[in-house]
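Subject: Structure handover

Hello,

Here is the structure I promised to pass on. My notes follow below it.

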Amino acid sequence: MLTHPTLDDTAVKSLVAEATTAPSMHNAQPWRFEYARASRTMLLSADLDRAMPLADPTTRGLHLGCGAALLNLRAAAAHAGHRTVTTLLPAPHTPTLLASVRLDVPHEPLDVSLSSLQPAIAIRHTSRRPFSDRRIADSLRSALVEAAAREGARLAFLTTPHREAVLDLILHAEGYDRMDDGREVEQRRWTHDGSAEAPPEGIPEYAFGPVKRSGAAPVRDFAGRRAIPGRDYADFEKQPQLASLSTTHDEPADWLRAGQALERVLLLATRQGLASSFATQALEWPDLRWLLRDPLSGSGHVQMILRLGYGPDGPRTPRRPVDEVLTITP
Ligand SMILES: Cc1cc2nc3c(=O)[nH]c(=O)nc-3n(C[C@H](O)[C@H](O)[C@H](O)COP(=O)(O)O)c2cc1C
């Protein structure tokens, strides 16, 4: 007889707590979970009230964050001994229903490689601090490329000329952003002082990192046009190690795959002692996004630019309580 791991309310909540530590654009946490006891199925939906109409009008970035949460959920479930089957966009007429995850499906193999990434879920944070010049070894680069491929996306470490071109595009994007009052307001709505009264969402000032004094690392300054009293200055790496994550097509299912690949790469990177941050400035302007493409493959749609390296961990940022994002039904 098949026996399943326990799935009482506490166990369900703990799976969702792990899912929600995922990265999301501006830490908006644009997700909702619904667990149906009878069918042992978790549904993941998009919360469009947490979209960014100006920086992310197509909701591509929102899908990436939800895909990352989905990967965490799968890894947490595998770690707890659940054999799962995931279906993306299971109801084509309800595009906000992003995925279903059936738990304890008999005869499904247990995903051992995903399960081994679970310990990294709690310690992965975005680090907007300088990284060292230590090069990421080729063997680790290959393992990260392989992790992305397992989720149907292509990770490519940028060659020096491509990196220079991408850094230029990011500077252009930052110039566009500076001229755009609407985006400044949108970004500010998702940042706060990090005090005890601050909401459990958005980016707290303590996670902004120092102001860049020198270096080429493309770290977004979430302070925008504001000066934050007492903020440090720092020299960042001159030759940041950047990787692009891309997919063959550019539809919602591809965005969800890219989000899962992103998180799989980040969890493996974390487990291997790497720090990480994101640089999506140029992805948020269609004319610049097109130019980010990998010159070697030429095709594909860039979904993320990642900065990886050895450096201080990022701080933990707030998350909404699980009860606010989870419904359990009989
Ligand atoms: C689609 C997407 C785009 C993001 N863009 C940026 C970015 O351009 N710059 C940045 O510093 N962080 C970026 N982030 C990271 C989020 O700000 C971060 O995940 C969130 O604040 C939660 O913090 P944590 O990753 O430390 O848990 C992005 C995350 C996602 C999923």
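I start with the lining of the largest cavity: six of its residues are nonpolar, three are polar and two are charged. Please keep in mind that this is a predicted model.

The cavity

The lining is made up of Ser24, Met25, Ala28, Pro30, Arg50, Ala51, Met52, Asp56, Gly61, Leu62 and Gly65. The space inside comes to about 60 Å³. The structure has one cavity of 30 Å³ or more.

The ligand site

In the side chain of Arg319, an N or O atom sits 2.6 Å from a ligand oxygen. For Arg124, an N or O atom of the side chain is 2.8 Å from an oxygen atom of the ligand. Phe278 takes part through its backbone: a polar atom there is 3.2 Å from a ligand nitrogen.

How much of the ligand does the protein cover? The figure is 98% of the 620 Å² of accessible area that the ligand has on its own.

Best wishes

Note on methods. Residues are numbered from 1 along each chain as its sequence is written. This is a predicted model: local features need pLDDT of at least 70, side-chain atom pairs count only at pLDDT 80 or more; totals for chains, interfaces and linings use all residues. Side-chain values use heavy atoms; hydrogens and water are left out. A polar contact is a pair of N or O atoms within 3.5 Å; within protein, one must be able to donate a hydrogen and the other to accept it, and residues adjacent in sequence count only if both atoms are side-chain atoms. Accessible areas come from the Shrake-Rupley method with a 1.4 Å probe; for residues, only the protein chains shown count as cover. On a 1 Å grid over the protein atoms alone, a cavity is a set of points where a 1.4 Å probe fits but cannot get out, and a pocket is an open set with protein on both sides within 12 Å along at least five of seven lines; lining residues have an atom within 4 Å of a point. Grid points are joined across faces, edges and corners, and a volume is the space filled by probe spheres set on the points. Ala, Val, Leu, Ile, Met, Phe, Trp, Tyr, Cys and Pro count as nonpolar, Asp, Glu, Lys and Arg as charged, and the others, Gly among them, as polar.
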